[in-house]
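Here is a short briefing on one protein chain. Keep the sequence and the 3D view open as you read.

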Amino acid sequence: MRIAMANRLTPYMFMAPAVLIMAMALMYPLGYMIWGSFREWNPSQTIGEAEFVGLKNYIALWGDPNFHESLVVTLKFAFFVVTLEMLIGVGLALLLDRNIRGMSILRTLFILPMMIAPVVVGLMWRYMYHPTIGTFNGFLDKLGLPRVDWLGEHALMSIIIADIWQWTPFIFILSLAALQSLPRSALEAARIDGATGWQQIWHIKLPLMMPVLIVTALLRLIDAFKVLEVILVMTEGGPGLSTEILALRISRTATEFRELGVAAAMSNYLLILLLFLTLGMFAFTRWQEARAARLNAMVQEEDS
């Protein structure tokens with residue numbers, strides 16, 4: 001029994017140092033932030049010198065209309081960018097999953113935007129949206145159409161377009177990898193049964209890809225809640241609060257308003273929101289994996 005127990009514990013003992021280091025690296029900053037959110041804390045104080053105020057920061061934020069507006073802007077931004085990026089990225093992967101001459105060059109070109117630094121992306125799109133010398137208004141002038149105040153009336157839509165341009169390649173790469181790893185036996189069986197291209201996509205490819213797509217959407221969703229540089233460069237959260245997402249408001253609260261305790265409380269609200277979204281998507285992933293497993297089992301039975 002001692003030998004069997006030692007054999008079971010040996011892998012965990014080898015993992016223990018790495019797990020301990022990771023726990024310290026992750027949990028200490030998180031605990032520091034949570035503890036700071038219960039204090040009236042500014043940069044001129046250590047966290048021990050700050051006055052303990054309990055839930056005051058959380059209650060104040062709950063009744064702050066500016067915080068509510070930033071939260072709504074964040075949810076709108078995250079919903080539209082993740083939805084549109086998933087549709088475009090998966091669509092491109094389905095379109096380019098074929099052996100055509102020059103396809104490798106096209107795939108390389110599609111992933112270039114993802115390699116550009118966010119600050120550069122923000123500057124580039126800011127100049128393209130410029131009301132007088134911008135590319136888009138110049139194009140509208142040639143068509144005889146009125147100019148558009150892209151970063152004024154349509155600021156949120158403009159930053160959504162910029163984010164889609166930069167991060168759709170991420171969805172494309174993972175979707176294409178998922179497509180190319182699908183069991184060919186399932187696709188061959190569908191072709192033999194007379195399934196059309198759309199039927200193969202809808203009933204075979206997408207269900208089998210779904211676990212990967214859900215994880216991909218989750219990664220993009222988490223990242224969309226933390227976008228900062230592009231919005232800061234393009235609009236600085238304006239006009240008004242129309243593009244001030246929570247990440248930008250947290251940064252301003254900590255640096256400009258010097259309210260570290262309030263910024264920590266906002267970060268914890270954002271953390272709780274992301275935690276619930278993550279748990280929900282993981283539960284959906286388990287359901288989709290079970291569905292995909294049943295589909296694979298059915299295909300294998302047909303083959304046998």
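**The largest pocket**

The residues that line the largest pocket split into 13 nonpolar, four polar and one charged. Keep in mind that this is a predicted model.

- The largest pocket holds about 480 Å³ of space.
- Helices H3 (65-96), H9 (197-224) and H12 (260-303) are the elements that each give two or more residues to its lining.
- In total, 18 residues line the largest pocket.
- Which residues lie nearest the centre of the largest pocket? They are Met86, Leu87, Leu206, Met210 and Leu213.
- Helix H9 gives the most to the lining, with eight residues.

- Leu208 is found in helix H9.
- Leu208 counts as buried, because its relative accessibility is 13% and the cut-off for buried is under 20%.
- Leu208 and Pro183 are 25 residues apart in sequence. In space, their C-alpha atoms are 9.0 Å apart.

**Salt bridges**

Side chains of opposite charge can pair when their charged atoms come close. How many salt bridges does a search of the whole structure find? The search finds nine.

- The side chains of Glu85 and Arg220 form a salt bridge, at 2.8 Å from N to O.
- Glu85 sits in helix H3 and Arg220 in helix H9, so this pair ties together parts that are 135 residues apart in sequence.
- Are Glu85 and Arg220 buried or exposed? Both are buried.
- Asp64 and Arg249 also meet through their side chains in a salt bridge, at 3.8 Å from N to O.
- That pair links distant parts of the chain, 185 residues apart. Asp64 is in the loop between helix H2 (56-62) and H3, while Arg249 is in helix H11 (residues 246-255).
- Arg249 is buried, because its relative accessible area is 11%.
- Arg252 and Glu256 form another salt bridge with their side chains, at 3.8 Å from N to O.
- A network of salt bridges links Asp64, Glu244, Arg249, Arg252 and Glu256.

**Helix H11**

- Is H11 mostly covered or mostly open? Helix H11 is mostly covered, with seven of its 10 residues buried.

**Backbone geometry in the loops**

Most residues other than glycine have a negative phi, and most peptide bonds are trans. The loops on either side of H11 hold some exceptions to look for.

- The peptide bond from Gly238 to Pro239 is cis, with omega near -10°.
- Pro239 lies in the loop between helix H10 (229-234) and H11.
- Glu236 belongs to the loop between H10 and H11 as well.
- Glu236 is not a glycine, yet its phi is positive, at about 55°.
- With a relative accessible area of 46%, Glu236 is partly exposed.
- Where is Arg258? Arg258 lies in the loop between H11 and H12.
- Arg258 has a positive phi too, of about 60°, although it is not a glycine.
- Arg258 counts as partly exposed, because its relative accessibility is 43%.

The last stop is on the outside of the model.

- Which residues form a nonpolar patch on the surface? They are Met5, Leu9, Tyr12, Met13, Met15 and Val19.
- Together, these residues have about 670 Å² of accessible area.
- Leu9, one of the patch residues, lies in helix H1 (residues 2-36).
- Leu9 counts as partly exposed, because its relative accessibility is 44%.

Methods:
Residues numbered from 1 in each chain as written. Predicted model: local features only at pLDDT ≥ 70, side-chain atom pairs only at ≥ 80, totals over all residues. Heavy atoms only, no water. Patch = residues over 30% accessible without salt bridge, like charges linked within 9 Å, V, L, I, M, F, W, Y side chains within 5 Å. Areas by Shrake-Rupley, 256 points an atom, 1.4 Å probe, with all protein chains shown as cover. Salt bridge = Lys/Arg side-chain N within 4 Å of Asp/Glu carboxyl O. Helix = DSSP H or I, 4+ residues; strand = E, 2+ residues; numbered from the N terminus. Buried < 20%, exposed > 50% of the residue type's maximum accessible area, 1.4 Å probe, protein only. 1 Å grid on protein atoms, 1.4 Å probe; cavity = no way out; pocket = protein on both sides within 12 Å on 5 of 7 lines; lining within 4 Å. Points joined across faces, edges and corners; volume = space filled by probe spheres on them. Nonpolar A, V, L, I, M, F, W, Y, C, P; charged D, E, K, R; others polar.
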